[in-house]
Amino acid sequence: MEGFLSTYGSAIVQMALAGVLALSLYLPLMAGQLSLASPGFYAVGGYVAALLSTRVFTGFPNGSYPILLIALEMVVAGGVSALFALIIGIPSLRLRGVYLALATIAFVEVLRVFALNQPWLGGAVGIYNIPQPFFSATRVEYLLLALPLLLVSTLFVARLERSRIGRAFVALREDELAASAMGIRPTYYKVLAFTIGAVLAGMTGALNAHILNTWNPRQGTFDLAILILAYVLVGGSRTFLGPVIGGAFLVALPEIILREVADAPGLHPAIATFLRDGRLILFGVLIAVSVFFFPYGLVTPNLFKRRRKTNVPRLEAAKAAPKVSRG
Amino acid sequence: MSDEVVLEVRNLTCRFGGLYAVDNVSFQVRRGEIFGLIGPNGAGKTTVFNLITGMTPPMHGEVFYKGVNITSKRPHEIAMLGIARTFQNIRLFGALTALENVMIARHIHTRSGMIEGVFGLPPAPQEERAIRQRAMELLELVGLADSAEMQARNFSYGDQRRLEIARALALEPELLLLDEPAAGMNQNEKSALSAFIRRVREQFNLTIVLIEHYVPLVMGLCDRIAVLNFGQLIALGAPEKVQNDPAVIEAYLGD
Ligand SMILES: Nc1ncnc2c1ncn2[C@@H]1O[C@H](COP(=O)(O)OP(=O)(O)O)[C@@H](O)[C@H]1O
Ligand SMILES: [Mg+2]
């Protein structure tokens with residue numbers, strides 16, 4: 001266990017953060033909005049934490065930066081991201097489908113170029129020497145912050161899903177026109193879902209700025225948007241568990257699972273090499289295959305419902321069986 | 001039926017390209033009335049509903065609800081004022097259960113926000129219990145309580161129509177717009193529906209506007225009827241009167 005943690009500590013932390021980022025994309029999707037803006041808010045959050053910890057909360061010897069200050073930075077980063085979300089969400093959420101995806105990608109790109117050209121953000125080099133609360137090569141201690149962030153975010157979204165607001169989101173996703181005929185204000189709930197997602201992404205960025213020790217315009221770019229989208233699409237886009245499991249799984253797959261398999265004794269050296277070096281290929285194939293065969297992802301709400309159904313007495317079940325299904 | 005006018009459309013006109021889907025249509029619907037809107041396919045009936053509910057903006061004309069001009073209001077605002085509708089091409093929340101479909105329609109009668117909902121603070125738990133119960137009652141009313149947990153898209157065509165009515169009733173509307181509620185139903189279901197519509201009008205104090213193709217159903221059920229043809233209002237009045245109107249006979253037998 002010790003060995004495992006020291007080898008894979010940082011991968012485990014990144015599994016947790018991937019789950020939170022996936023939730024940040026899942027939230028607008030819950031309201032029917034395909035937004036790829038999460039990396040933008042993640043970048044903003046990272047810069048907020050980088051600036052606060054290197055310019056404002058100075059004077060702590062490295063290795064003893066207070067965890068509580070990081071938590072505070074995360075809260076500020078979440079707030080700043082929420083402001084950004086309101087500013088760009090209100091005009092852009094009128095767009096639909098691919099157009100919204102493109103507009104949010106443009107936002108991510110504009111932020112990147114902006115950061116690149118701002119001396120106070122460190123330009124291309126970024127902000128480095130972000131203070132550390134721990135002395136540790138693997139940074140597994142960051143689980144102290146990453147796990148609570150994941151747990152709180154997951155619980156928040158899980159509870160939200162079963163509440164009045166969450167149902168309004170889902171109604172918009174299922175049929176915006178019908179939802180508005182039920183008195184649900186589309187713009188308001190779309191912006192709300194988008195903003196909550198932005199808060200999660202911003203907080204994740206703030207934490208990761210400390211974990212990575214440095215923050216620059218290469219954090220939170222288009223590549224990350226595609227990764228996060230894969231977490232949600234592979235994991236599942238119809239229940240909060242999908243993104244969380246998808247994020248953890250897709251980070252673990254190249255970082256842990258394939259490496260462990262490649263190290264297995266007796267494996268043909270060529271296969272082992274492929275597993276180590278070709279793991280991104282496998283990763284891509286896996287995404288393509290799972291999206292093709294599981295359009296709603298691996299974890300779907302029906303997975304839980306079916307189990308419940310089996311407890312229903314037979315007669316009841318027969319009565320509840322679909323009568324005639326319409327095409 | 002009182003003389004109070006619940007709904008008035010005035011010179012309503014809507015054009016799609018070169019086609020006048022609704023052409024200078026005016027009528028009034030009185031409180032408690034079951035008002036039929038009939039006419040051949042493509043006559044503009046559904047468009048009239050879309051204009052009333054703010055889903056299509058009119059080119060000319062106005063819509064008044066209880067004396068208030070609602071012409072430029074958004075669909076959700078109109079729903080909040082007390083106008084509910086069903087859709088000809090059923091628009092349920094397909095992936096959700098019947099119960100959830102109806103619960104969603106309690107939105108405007110509940111007020112707990114995100115924080116209350118997530119942390120289970122008042123009034124969220126009480127509201128949740130109340131809307132669940134109310135939704136079950138409405139499912140009971142339309143005879144779908146046994147399948148409350150079934151996904152809406154798995155219901156039969158007729159049951160989906162009934163579920164849409166339950167969902168519309170959950171809004172507690174004063175004015176209910178039903179777009180071809182009997183479509184796809186057999187003879188028995190149609191006459192049952194007729195009785196059902198009368199019953200909900202009494203029970204919920206509703207004013208109902210009904211689009212229907214099936215003439216016997218309309219004739220037996222409606223207090224007054226408006227006939228549209230090529231977007232124009234060609235007759236308006238009591239069923240017997242409209243039935244014998246030469247223009248109506250011409251429109252129905254014309255092609
Ligand atoms: N959104 C739209 N865009 C273009 N044409 C439309 C649209 N909606 C309806 N129409 C046209 O308007 C006419 C009236 O349609 P509709 O109101 O649906 O008729 P009805 O409900 O009486 O069958 C039809 O010719 C239809 O093709
Ligand atoms: Mg129609």
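Q: Which residue of β4(B) stands opposite T13(B)?

A: T13(B) stands opposite H60(B) in β4(B), where strands are DSSP E runs of at least two residues and helices are H or I runs of at least four, numbered from the N terminus. This is a predicted model in which local features need pLDDT of at least 70 and side-chain atom pairs count only at pLDDT 80 or more, while totals for chains, interfaces and linings use all residues. Residues are numbered from 1 along each chain as its sequence is written, chains are lettered from A and ligands numbered from 1 in the order in which they are written, and side-chain values use heavy atoms, leaving out hydrogens and water.

Q: How many bridges join β1(B) to β4(B)?

A: Five bridges join β1(B), residues 5-16, to β4(B), residues 60-65, and the two strands run antiparallel; strands pair if DSSP finds at least two bridges between them.

Q: And what is the order of the sheet with β1(B) in it?

A: The order is β2-β1-β4-β5 in chain B, an open sheet of four strands with antiparallel pairing. Its edge strands are β2(B) and β5(B), the latter at 68-69, and each pairs on one side only.

Q: Switching to the ligand, which residues surround ligand 1?

A: Ligand 1 is surrounded by F16(B), L19(B), A21(B), P40(B), N41(B), G42(B), A43(B), G44(B), K45(B), T46(B) and T47(B), a residue being counted if one of its heavy atoms lies within 4 Å. By class, this shell has five nonpolar, five polar and one charged residues; Ala, Val, Leu, Ile, Met, Phe, Trp, Tyr, Cys and Pro count as nonpolar, Asp, Glu, Lys and Arg as charged, and the others, Gly among them, as polar.

Q: Which element gives the most to that shell?

A: α1(B) does, with three residues. Both β2(B), at 19-30, and α1(B), at 45-52, supply at least two residues of the shell.

Q: Which side chains have an N or O atom by an oxygen atom of the ligand?

A: An oxygen atom of ligand 1 is 2.7 Å from an N or O atom in the side chain of T46(B), and an oxygen atom of the ligand is 2.5 Å from such an atom in the side chain of T47(B). With the backbone, there is a distance of 2.9 Å from a ligand oxygen atom to a polar atom of G44(B). The cut-off for a polar contact is a pair of N or O atoms within 3.5 Å.

Q: How much of the ligand does the protein bury?

A: Taken alone, ligand 1 exposes 560 Å², of which the protein buries 59%, using Shrake-Rupley areas with a 1.4 Å probe.

Q: What does α1(B) pack on in the sheet of six strands?

A: That open sheet has the order β6-β7-β8-β3-β9-β10 in chain B, with mixed pairing. β6(B), at 83-85, and β10(B), at 232-237, stand at the edges with a single partner strand each, so one side of each has no neighbour in the sheet. α1(B) touches β3, β6, β7, β8 and β9 of chain B, and its direction makes about 150° with that of β7(B); contact means heavy atoms within 4.5 Å, and angles run from 0 to 180 degrees between N-to-C directions. α1(B) also lies across β1, β2 and β4 of chain B, running at about 115° to β1(B).

Q: What joins β9(B) to β10(B)?

A: Five bridges join these antiparallel strands, with L228(B) partnered by L233(B) and V227(B) opposite A235(B). They form a hairpin with two residues between them, and F230(B) in the turn has a positive phi of about 50°.

Q: At what angle do α5(B) and α7(B) cross?

A: Their axes come within 12 Å and cross at roughly 145°. The contact is made by R134(B), L138(B) and L141(B) of α5(B) with F196(B), R199(B), V200(B), Q203(B) and F204(B) of α7(B), and these residues divide into five nonpolar, one polar and two charged.

Q: Last one: is the peptide bond from P122(B) to P123(B) cis or trans?

A: That bond is cis, with omega near 5°, and P123(B) lies in the loop between α4(B) and α5(B).

Notes:
Polar contact = N/O pair within 3.5 Å; in protein donor to acceptor, adjacent residues only side chain to side chain.
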